[in-house]
Amino acid sequence: MNVEKLRKMAGSVRTGGKGTMRRKKKAVHKTTTTDDKRLQSTLKRIGVNAIPAIEEVNIFKEDVVIQFINPKVQASIAANTWVVSGSPQTKKLQDILPQIIHQLGPDNLENLKKLAEQFQKQAPGTGALEGAASVQDDDDDDEVPELVAGQTFETAAAEEGHTS
């Protein structure tokens, strides 16, 4: 009974009739260049224009910044479409903020204050002013501790390595 069932299943799987030839051509899959050409034709239809001499583009998402250095930028203001192409780098906002603070205008000052408040809420006690004060208080940590008599650095380090 199993043989009959298998023959029935095999018969329903065939693409052609009994005795049909096999495919001679291998199926050709589309490459990314066709996708790129399709995208370029769509952008051309929208009417995007290249914007020259843009050195850097920063896209802000929550606490992450996507940064493009020397990107190709195209825009269509009528269609409210901006195209930024290039190699992106994902960075944290804390790392990139000192570099971009001079680019922010007075209208972004409120947003910057809100971000500063959020960072202080996330990590209390690590604000810029508090961090500077704690560095001044930690000056006594610069001294070298005294070794215990009869003990060398190597044995002390080995003991610490075994206990942890």
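Let's start at Asn 49. Asn 49 sits in strand β1, which covers residues 49-51. Keep in mind that this is a predicted model.

Is Asn 49 buried or exposed? Asn 49 is exposed, because its relative accessible area is 52%, and exposed means over 50%.

Now, what does Asn 49 touch, if we skip residues up to four places away in sequence? Three residues: Val 73, Gln 74 and Ala 75. Take Ala 75. Along the chain, Asn 49 and Ala 75 are 26 residues apart.

Look at contacts in the protein between residues at least 6 apart in sequence. Of those, 42% join residues at least 24 apart.

Helix α2 runs over residues 32-46, so count with me: that is 15 residues. From its first C-alpha to its last, helix α2 reaches 21 Å. How does that compare with what is expected at 1.5 Å a residue? It is close to the expected 21 Å. After α2 comes Gly 47. The phi of Gly 47 is positive, near 95°.

Next, the whole chain. How many helices and strands are there? Six helices and six strands. Trace them from the N terminus: α-α-β-β-β-β-β-β-α-α-α-α.

How much is buried? The protein has 164 residues, and 11% of them are buried. The accessible surface comes to about 14800 Å². Carbon and sulfur atoms account for 56% of that surface.

Last stop: the largest pocket. Its volume is about 290 Å³. Fifteen residues line this pocket. Which of them lie nearest its centre? Find these on the structure: Phe 60, Glu 62, Leu 93, Leu 115 and Gln 118.

Which elements give two or more residues to that lining? Strand β2 (56-61), helix α3 (93-100) and helix α4 (109-122). Helix α4 gives the most, with six residues.

Technical notes: Residues numbered from 1 in each chain as written. Predicted model: local features only at pLDDT ≥ 70, side-chain atom pairs only at ≥ 80, totals over all residues. Heavy atoms only, no water. 1 Å grid on protein atoms, 1.4 Å probe; cavity = no way out; pocket = protein on both sides within 12 Å on 5 of 7 lines; lining within 4 Å. Points joined across faces, edges and corners; volume = space filled by probe spheres on them. Helix = DSSP H or I, 4+ residues; strand = E, 2+ residues; numbered from the N terminus. Buried < 20%, exposed > 50% of the residue type's maximum accessible area, 1.4 Å probe, protein only. Contact = heavy atoms within 4.5 Å. Areas by Shrake-Rupley, 256 points an atom, 1.4 Å probe, with all protein chains shown as cover.
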